[in-house]
Amino acid sequence: MSAFLELALASVQRGWHVFPCWPGQKTPRIHGGNLSASNDEAKVRAWWTKWPDANVAISTKPSCLTIVDCDH
């Protein structure tokens with residue numbers, strides 16, 4: 001199991017909605033991007049089986065998360 005899949009599954013276990021992005025980028029690999037994010041374990045496993053090196057992105061709204069980005 002890839003480290004990315006482990007991270008994606010750990011995020012799903014927290015109830016977060018994830019989606020795969022191109023390696024080293026923030027560009028979604030799936031149609032719909034963050035709007036197609038899922039917390040369905042089977043779907044997440046399928047994505048990271050197909051793209052084991054995909055970055056893990058979290059869709060904040062359906063995951064009930066707020067992000068604070070502080071630049072110095």
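Modeller: A charge is said to sit over a ring if NZ of Lys or CZ of Arg is within 6 Å of the ring centre and within 35 degrees of the ring normal. The model under discussion is predicted, so local features need pLDDT of at least 70 and side-chain atom pairs count only at pLDDT 80 or more, whereas totals for chains, interfaces and linings use all residues. Residues are numbered from 1 along each chain as its sequence is written, and side-chain values use heavy atoms, with hydrogens and water left out.

Biologist: What makes R14 a charge placed over the ring of W16?

Modeller: The charged end of R14 is 5.5 Å from the centre of the W16 ring, a distance within the limit just given. R29 likewise lies over the face of W22, where the distance to the ring centre is 3.7 Å.

Biologist: Why is the contact between R45 and E41 called a salt bridge?

Modeller: The term requires a side-chain nitrogen of Lys or Arg within 4 Å of a carboxyl oxygen of Asp or Glu. For R45 and E41 the closest N and O atoms are 3.0 Å apart, so the pair qualifies. A search of the whole structure finds one salt bridge.

Biologist: How far apart are R45 and E41 along helix 2?

Modeller: Helices are DSSP runs of H or I with at least four residues, strands are runs of E with at least two, and both are numbered from the N terminus. R45 and E41 are four residues apart in helix 2 (residues 41-50), and therefore about one helical turn separates them. In general, an α-helix has 3.6 residues a turn, so residues three or four places apart point the same way.

Biologist: Are R45 and E41 buried, partly exposed or exposed?

Modeller: Buried means under 20% relative accessible area and exposed over 50%, with partly exposed in between (1.4 Å probe, protein chains only). R45 has 33% and E41 has 41%, so each is partly exposed.

Biologist: What makes W47 and W48 an aromatic pair, and of which kind?

Modeller: Rings of Phe, Tyr and Trp (its six-membered ring) pair if their centres lie within 6.5 Å; planes under 30 degrees apart count as stacked, over 60 as edge-to-face and the rest as tilted. The whole structure holds one such pair. The centres of the W47 and W48 rings are 6.3 Å apart and their planes stand at 70 degrees, so the arrangement is edge-to-face. Both residues are buried, W47 at 12% and W48 at 2% relative accessible area.

Biologist: How do you know on which side of helix 2 its buried residues lie?

Modeller: The buried residues there are V44, W47 and W48. The arc they cover, taken from the directions from the helix axis to the C-beta atoms, is only 90 degrees, which puts them on the same side of helix 2. The face turned away from that side carries the exposed residues A42, T49 and K50. Contact means heavy atoms within 4.5 Å, and the buried residues of helix 2 pack against helix 1, strand 1 (17-21) and strand 2 (55-59).

Biologist: What is the corresponding arrangement in helix 1?

Modeller: L5, A8, L9, S11 and V12 are buried in helix 1. Their arc is only 155 degrees, so they too lie on the same side of the helix. A3 and Q13 are the exposed residues on the face turned away.

Biologist: Why does S11 count as buried?

Modeller: S11 has 3% relative accessibility, which is under the buried limit, so it counts as buried. Leaving aside neighbours within four places in sequence, S11 is in contact with W16, V18 and I58.

Biologist: What makes a set of residues the largest nonpolar core here, and which members touch the most others?

Modeller: A nonpolar core is a set of buried Ala, Val, Leu, Ile, Met, Phe, Trp, Tyr and Cys residues joined through side-chain atoms within 4.5 Å. The largest has 15 residues, of which V18, F19, V44, W47 and W48 touch the most other members. Helix 1, strand 1 and helix 2 each supply at least two residues, and the largest share, four residues, comes from helix 1.
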